[in-house]
Amino acid sequence: QQQQQQQQQQQQQEQQEEPAHSAGGSAADGYDLTWKQPDEQAPLPAAPPAAPAAPTPAPAPAGASGGAAPVGGGAAAAAAGADSEETRLLRRLENLRGRGDGSGEAATLISLSELWLRGYRRDEALQAAEDAKAAAGAVGDREREAEACRSAVKVLTAKEDLPAAERRVAAERAALGGGGLAEAILSLACADVQLEQGRAKEGQRSAEKALGTSTELGDKKWMASSYEVLAAAMLSSERVDKSLQAADKALALYRELGDIRKEAAILRTVSRAHAAKGDSSNAVKRAQESQALCRELCDHKGEAAALECLAGAHLAKPDGAEEAAEFALKSAKLYKQIGDAPGQVNALQTAVSALLAARESEAAFREAKEALEAARSDGNANLIGTSLELLANIHLQNEMPKKALQVAQEELEHAQEAGDAKRQAIVLQKMASVHVANNQPKEGIRRAEEALELAKSTKDKKVEAAACSVIAIHLINQKKFDDAAAAARQAEVLLRELGDVVGRVQALQLVTSAYCENNDHANAIKASWEQHAVYKEVGYKDLEASTLLGVADFLNMAKGAREALKPAQDSKVLFQQLGDKEGEAGALLTIANLQLAVQLPTDGLKSAKESELLSRSVGDVLGQASALQTACTIYVMQQRHSEAVRVANEARDLLQKAGDRKAEAAAWQAIAQVHLALCLRSEQTGRRADPRTAKEALKAAEVAHQLFRDVDDMEGQATALQMVASSHLYSGDSDGSLRAARESLEVAEAISNAVAVSAALLAMSQAYMQMENYGEAMTTAQEGQKISQEHGDEQGFVTSQELIAMLEELLKEQQKAAGRFGRGGGGSGIFGRAAGATSRGSGIDANSGAGSGVGSFGARSAGGGGSAGSFQRVQEDQDEPPSGGRGGRMGQRVDPFGRTLDRPGGRQQDQGGYPESVPAGSRSFPPGGSGGGGGGGGGAAPRRGAFGAFSAAQDAHEAGGDAAGPGAGRRPGYRGAHQPLFERQSFGLGVNR
């Protein structure tokens with residue numbers, strides 16, 4: 001209320017100082033200051049001789065670079081609101097020029113730039129920012145110059161011209177020099193660009209630098225802005241708690257300053273952070289507060305954004321899909337009223353997602369169709385492309401490919417009638433994806449090539465590069481790898497000419513994927529190093545460091561751990577130079593796992609401890625838990641089981657406090673694995689497993705299973721159940737083991753994963769073997785062998801072979817002397833043999849996923865390379881999947897690791913990614929969800945975990961090699977976290993002859 005009173009007094013004072021106006025115009029100058037549509041907008045008042053010229057608003061036809069029509073193009077109330085604010089600013093600008101107030105003129109022009117940017121009048125917004133800089137420069141106001149530069153940068157990022165935005169910040173820094181508040185403002189401008197590039201960690205550092213300077217100078221306005229950017233950076237890199245802390249500080253400062261518009265905006269950030277955390281109650285509350293403030297300000301666009309935020313908050317609730325759809329549709333309606341087509345389309349897409357989640361397919365189709373119609377009316381080619389893809393995907397998901405093609409064909413005809421080559425090219429790219437999803441690869445390539453020819457005619461290199469990338473993706477899926485690499489190279493050349501660094505690396509990632517899919521690892525490694533060279537050339541140390549970790553992962557898979565150590569160590573040095581302790585901790589965990597693989601456990605333990613200390617110093621609970629789990633692996637390898645149990649429990653306690661149930665489940669798996677390892681040691685030394693140890697293993701495995709069930713992680717459930725089966729075997733409860741193995745089989749079949757199915761069958765076989773039901777044991781083992789062979793599961797196939805050989809021996813003995821088997825002088829072992837004679841057990845599977853303990857052959861991760869979607873255990877002849885094996889929906893992209901992304905049209909943020917393909921003969925065959933991972937989310941180092949480290953080292957020792965398990969080192973709670981701690985000996989048999 002106080003702020004409103006102050007604004008009213010200021011407006012009254014300005015009106016008294018301004019010359020008389022008639023009919024909305026100036027009697028002195030004849031300028032018409034009434035609010036108009038962009039194509040009618042009158043020029044701004046001419047500047048006095050000493051001041052720079054004001055921006056002349058240019059026409060902004062629909063579909064031009066300015067995007068949608070401005071706010072005010074719809075409802076009269078919205079137009080009146082825009083009229084009020086824009087007219088007030090224009091009058092103030094005229095008054096300030098008359099008084100020769102250069103700083104005030106610059107501030108007003110910056111406000112006009114922000115207003116026009118919100119209304120998608122980007123060309124006018126950019127011109128206003130340029131004139132603001134000139135006005136501030138004329139009076140030597142460095143702070144206003146820097147602020148004008150930041151406004152210009154925001155416009156350039158909105159236009160998706162990131163190279164120009166980056167150059168602009170660098171030029172301004174060189175011109176203005178360092179120090180003072182101007183440097184802090186330019187640091188924020190730099191952070192704006194870095195966040196758009198996906199470099200969240202670097203954006204965080206820039207925001208922290210700005211915060212330090214503004215705090216030192218006591219400038220609350222820029223302190224608040226710094227906290228706001230910091231909150232966005234933290235949220236981008238999934239540091240939700242820290243994001244909330246920064247956002248709360250920004251909120252308090254904006255309230256103190258009385259900036260209601262900024263307060264409403266930061267409340268929406270807080271709401272999104274709570275939703276990401278799963279706290280739907282607070283997410284809803286904060287979004288409602290933002291909506292109320294926007295209504296108070298008559299900020300219709302802000303209110304629409306708050307309604308969309310409410311939709312996201314309700315989507316975070318398990319049963320909130322219907323409410324989410326309701327709020328999203330309200331948001332879309334309001335956007336439509338104010339003439340904001342992009343906002344309307346985005347809100348409708350949110351509504352479609354919610355309606356599909358609520359199983360309202362017809363309503364989802366209706367709203368998707370409206371989104372396409374709204375995009376058509378706006379004429380923006382990119383908006384039309386995303387809306388078309390949304391509608392086509394709904395048809396494809398409902399198994400109506402002809403409808404999807406029909407919609408695409410209709411849109412192509414619209415584009416041809418409009419004579420818009422860019423729009424035609426984008427539509428043809430979507431049509432190509434529909435054809436591929438409909439198992440028409442040749443037609444898909446033809447359409448993609450047509451899109452490329454049209455893109456060339458636009459003389460827009462960015463559009464042409466995108467077309468080349470689309471062709472490369474389709475060619476990879478059709479196994480035309482050389483042609484795919486050539487198309488991706490062509491995209492890289494175009495993006496190099498544009499100065500688009502991130503785009504160049506994405507093109508090189510496609511090149512790497514093409515080579516890997518073709519098993520050409522020499523060229524794949526070369527392309528990987530090219531990615532690193534690009535970042536090194538431009539000085540992106542954050543992405544260079546992350547890319548080096550990706551190179552290390554890839555070299556580990558392709559050439560072994562010795563080759564991988566050097567880039568991992570170089571990555572650590574770069575993170576140290578950046579002061580990125582979290583990144584350094586991740587690099588140290590990678591180094592620890594590689595050191596284990598080359599038989600340096602002492603060095604590996606030292607690296608793991610250093611990583612844990614660094615993670616603790618920055619409050620990174622997940623990183624700390626990962627380091628502790630790696631230390632657990634090493635302690636088990638060194639047979640220091642009490643210490644292994646201690647650190648495993650410590651990791652579990654940390655994850656419990658963090659509230660990450662999936663990561664906690666993985667920690668319970670680690671505890672179970674330690675106890676199972678103790679049981680295995682006992683069997684191998686001729687003693688029976690301690691019942692108390694087996695009981696502890698069972699308890700931990702059952703807790704892990706329940707946690708995975710709570711978070712609906714069926715892959716985790718499958719592997720945890722295999723561990724339950726192993727624990728029952730050690731306890732002598734063969735019936736319990738069989739029940740758990742059967743349940744694991746049911747879960748594995750439900751997710752159509754051949755590797756998990758094979759592992760469950762082998763676990764069942766062991767249970768039957770302990771029951772001395774060798775016939776059933778042989779049948780299930782043979783079935784597991786067949787599935788492993790059909791689906792390229794080399795490890796499972798070898799395991800099943802050895803199990804079958806063992807069963808054949810047992811069957812022979814049974815035939816020779818019925819009843820003699822399983823009795824002898826030392827007590828019975830896990831398979832009923834005399835312990836100490838030829839005791840056999842299995843360890844825990846290493847490279848492919850979360851293993852079970854002894855008695856669970858092939859307990860590999862459910863994500864370990866099974867042909868999801870095409871696998872059926874009872875089917876004799878497996879059908880080939882659609883072309884490339886990646887059908888099912890349009891818009892899938894190959895990511896840097898050689899996989900596909902279900903993020904149609906979205907910007908790929910993974911930097912320095914490397915392919916999942918593994919050379920022939922690797923123990924992880926086929927690749928099992930481990931990936932190279934070069935630091936997604938803007939340069940953050942990939943989190944390293946414990947699982948798989950000992951296994952790889954043990955296997956390397958036996959085989960005389962040094963390849964670390966590719967799954968070694970994943971953040972607990974993610975797919976890679978299901979890696980086992982130990983390698984089963986002799987492929988699970990633990991033979992001591």
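Mentor: Tyr540 has a relative accessibility of 4% and therefore counts as buried (buried means under 20% relative accessible area, exposed over 50%, and partly exposed in between, with a 1.4 Å probe and protein chains only). Tyr535, at 0% relative accessibility, counts as buried too. This is a predicted model, in which local features need pLDDT of at least 70 and side-chain atom pairs count only at pLDDT 80 or more, while totals for chains, interfaces and linings use all residues. Residues are numbered from 1 along each chain as its sequence is written, and side-chain values use heavy atoms, with hydrogens and water left out. The structure holds 1 aromatic pair (rings of Phe, Tyr and Trp, the last by its six-membered ring, pair if their centres lie within 6.5 Å). The ring centres of Tyr535 and Tyr540 are 6.2 Å apart and their planes lie at 25°, so the pair is stacked (planes under 30 degrees apart count as stacked, over 60 as edge-to-face and the rest as tilted).

As for confidence, pLDDT (the predictor's confidence in each residue, from 0 to 100) has a mean of 75 over the protein chain, with 74% of its residues reaching 70 or more. Over residues 13–80 pLDDT stays under 50, and the model has 147 contacts beyond four places in sequence for them (contact means heavy atoms within 4.5 Å). Over residues 819–993 pLDDT likewise stays under 50, with 609 such contacts in the model.
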